[in-house]
Amino acid sequence: MEQIRNVENVATSSMKAQGNDMLKLKELYWSCISRWPWFVASVVFCLFIAWLYIAKQQPVYTRVAQVEIKDDRQGRSIRGTGSASSIQSLGLLNSTSTVANEKYMFSSPDLMYETVKRLSLRYNYFVKGNIRTKTLYGKNLPIVAKVINLKPEDNVSFVIESDEEGNIVLSEFKKNKNIYDGKVNGVMGSSVQTPIGKILLKPSMTYQASKQKIYVNVTSIGVASNIYMGKLSVDITDKEADIINLACTDQSIQRAEDVLNTIIQVYNERWVEDKNQMAVSTSHFIRERLVKIQSTLNGVDESISDFKSVIGQPDLVASAGLYMQQNQEHSNRVMELESQLAMGRYLQEFVDAGKEGVIPSGIGMSPAVESMIASYNDLVLKRQHLVANSSTENPLVQDVDRQIATLRGNIIKSVHNQNLALQTQINNLKRNVGYTMDKIKSNPKEAKTLLSAERKQQVQQTLYLFLLQKLEENELSKAFTAYNTRIIMMPYGSINPTSPKAGRIYLIALFFGFLLPIAILYVREQLITTVRGKKDVQDVVSMPIVGEIPQCTPVAKWQLPWKKKIQKSELIVVEHGSRNVVNEAFRVVRTNLEFMSHKDKCNVINFTSYNVNSGKSFLTMNVGLSFAIKKQKVLLIDCDLRKASLSNYIQIPKKGISDYLAGNTLDWHEAVVAYSGCENLDVLPVGKIPPNPSELISEPAFAKMLDEARKEYDYIFIDCPPLDLIADTKILMQFVDQTIFVVRVGLMEREMLPEVQELHNKYNKMSIILNDTYIDEGHYGYRHGYGYHYGYGYRYGYGYRYTKGYGYGYANGNEKK
């Protein structure tokens, strides 16, 4: 059973916590509804800030271009067609890496650096408007300025002013961190000497003489490159395609398009230069070999001519006869092999020399050697690209160096082995030639010498013609090198700016316009630590609440609750026949007290509180007056012998209860003052302020006085001092029938409510009256306590508003003073 009770208690606590959360949300909701002008003002303010932000920001536009990366061998898309495309679709071949490499090439700072130089993007022109700064470029730029001999790392700025007559004035000069005063007059189309150097002013195609002030800001090329690198984005949208998207954002549409077009142009030029580098190296090698062969061929021609002149025989071949035909076949083969051997030796000399760069290819070597040379040249070009974008310390560069060294060694070995094989074949053929030559016994010795010279001449001539053909082919390949890219879409974009997004900004402003008042109200509620209304009391204290008295002193709408004016203690608001909110509130208190009182004897009721200025004297006077108006005989006793607040209502007479208790007056009736405003209301003031209030109240005379007063009056209301400050009230509580604890809204701290509950546990005959409740507040307002209607159209509680003096209005617009 105990476990069941614990579970029930936990469930009850949980439901109570959920109910409190719902109440807090409801309170916040009503607080927001009652302050709808805050939301209107906040939304208008936030929308104005959003409009001001949009008005100050320059619109930013985006332009997009698309390029296709082609195969540098077949001149088509890298992914190819037919079987190659099928294999790629299976994932066995992948060209994404090639497209990704070209993507990084487009993102290279070197390309952007060259683009900035070509377009003079380090020069920024703008004019200042009333709100927004406008960028000038291209067609809307009237004057083009150029600082002569400006270093790439320099930063300068100046201002160009012109008038309707075409006069030019330059001022506000700044170079790096140096600022120069003064103005310089200039002439359009000529250079002007200024403190930052010579400046050349040239009119643009759209120049017209007018009054304008142009600000010129020239940054370093490196800074400008970084700025436009941030504006450029390169992306591969589809992994299955060879398309690269280039996007550029800028305040000028024309400048964004120029940047994209120039980036593509510089990329193509760099790619062609890289591809032609191997052709240039091959041409240089062939030209060197042609010079040497031509020199050798000239020497052989001269030796043959001299030899024939000496022997006087122009042709010795005819004397060879039958053997020469056979010898000729072997000789032809020897010449072919010697040509290959010569090229192999030339290539071996070139490789052994250790020269950097690509190795000549396509010069008659075996397919295996040509394949290795092609792979070697590709690695050399790849290393040059990597070094250009990083350094030789890059691990990728070092890895390529190792591959180049390995491949170079293999090439040397292969060329050496091929030369040995050719030499062996030549030696065998030469033995055959020697055999046939021995058969020509009738030929003189001069025929052999001439034949050897002619053979050497033919070898050199064949090699010379071969190299000439290769040189022409190489030059043609340089002239007809195609670009690696094909433009799919020229720079294009919407005429609407991509930033700032006005719709999104206004939505955010609208959101914060509603959120800001809610946050302020929420924080405001959290900062209020005092009692806000009836709900705060009911959550902690179990004693009955006899009523709520609304504010009787107006509070400005902007004033915080805890800063409200102190309620005047001498304020009398109860009037006979008055139907305003405050009088109705006191009637409710009177009715509740009558219900709680004894019907057959006098009721003694005291008013106390924890706080000074809680309104005890005000409530004592007005509650007593409400009973007196109902023909009840009422006595008000001022027992706050230190402050005498209740006595203020009757101008603080000199004789009072202190005189009776001190023995200066034998009959307490002599100190009673009849209130002039009502015939059934008497007041017993303090009189002289005594030095020992607690001792006087403890005298038997006080109890005797109350016993006598009970026989003469229907109700006796006692105004007591605060309960926790002095002992007077605790002494008086033994003589009274009912204690009214006054809780003033906005004054008493909520953390003190548990102490009020402890008092209730100690003194059973206690009840609470809420004073100074908020009329126009949210859930904690007075309107929630009195939200009913009278039949004559007067809505009680919700319609309260302060007018003048003690007057209060009604919901239907009627007023009563």
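Colleague: Thanks! How many disulfides does the structure hold?
Modeller: Zero disulfides in this one. Keep in mind that we are looking at a predicted model.

Colleague: Okay. What about cysteine 248, buried or exposed?
Modeller: Cysteine 248 counts as buried, because its relative accessibility is 0%. Cysteine 678 is buried as well, with a relative accessible area of 11%.

Colleague: Let's zoom out. How many helices and strands does the protein chain have?
Modeller: There are 21 helices and 23 strands in the protein chain. Of its 817 residues, 44% are buried. The chain exposes about 43000 Å², and 54% of that comes from carbon and sulfur atoms.

Colleague: And what share of the contacts between residues at least 6 apart in sequence join residues at least 24 apart?
Modeller: That share is 74% in the protein chain.

Colleague: Which residues is tyrosine 506 in contact with, leaving aside neighbours within four places in sequence?
Modeller: Leu47, Ala50, Trp51 and Ile54. Tyrosine 506 itself counts as partly exposed, since its relative accessibility is 29%.

Colleague: What can you tell me about helix H2?
Modeller: H2 covers residues 36-56. Its 21 residues should span 30 Å at 1.5 Å a residue, and the end C-alpha atoms are 30 Å apart, so the two agree.

Colleague: Which residues of H2 are buried?
Modeller: Phe39, Ser42, Val43, Cys46, Ala50, Ile54 and Ala55 are the buried ones. For reading a list like that, remember that an α-helix has 3.6 residues a turn, so residues three or four places apart point the same way. Ala50 and Ile54 also turn up among the contacts of tyrosine 506.

Colleague: Nice. How does helix H14 do on the span check?
Modeller: H14 (residues 581-596) has 16 residues, which should span 22 Å at 1.5 Å a residue. Its end C-alpha atoms are 23 Å apart, which agrees.

Colleague: What caps the N-terminal end of H14?
Modeller: Asparagine 580 does, with a side-chain oxygen 3.2 Å from the backbone nitrogen of valine 582. Valine 582 is buried, and other buried residues in H14 include Phe586, Val589, Arg590 and Leu593.

Colleague: Switching topic: how many aromatic pairs are there?
Modeller: The count comes to 12 aromatic pairs. One of them is phenylalanine 627 with tyrosine 715, a tilted pair at 4.4 Å centre to centre and 45° between the planes.

Colleague: Where do those two sit in the chain?
Modeller: Phenylalanine 627 is in helix H15 (residues 616-629) and tyrosine 715 is in strand E19 (residues 715-719), so the pair links distant parts of the chain, 88 residues apart.

Colleague: Is that pair buried or exposed?
Modeller: Phenylalanine 627 counts as buried because its relative accessibility is 0%. Tyrosine 715 is buried too, at 7%. Ring pairs also join both of them with Phe607 and Phe717 in a cluster.

Colleague: Last one: where is threonine 194?
Modeller: Threonine 194 is in strand E8 (residues 191-194). At 6% relative accessibility threonine 194 counts as buried. Not counting residues up to four places away in sequence, threonine 194 touches Phe173, Val184 and Ile199.

Note on methods: Residues numbered from 1 in each chain as written. Predicted model: local features only at pLDDT ≥ 70, side-chain atom pairs only at ≥ 80, totals over all residues. Heavy atoms only, no water. Helix = DSSP H or I, 4+ residues; strand = E, 2+ residues; numbered from the N terminus. Buried < 20%, exposed > 50% of the residue type's maximum accessible area, 1.4 Å probe, protein only. Contact = heavy atoms within 4.5 Å. Areas by Shrake-Rupley, 256 points an atom, 1.4 Å probe, with all protein chains shown as cover. Expected span 1.5 Å × (residues − 1). Polar contact = N/O pair within 3.5 Å; in protein donor to acceptor, adjacent residues only side chain to side chain. Disulfide = S-S within 2.5 Å. Phe/Tyr/Trp six-rings, centres within 6.5 Å; stacked < 30°, edge-to-face > 60°.
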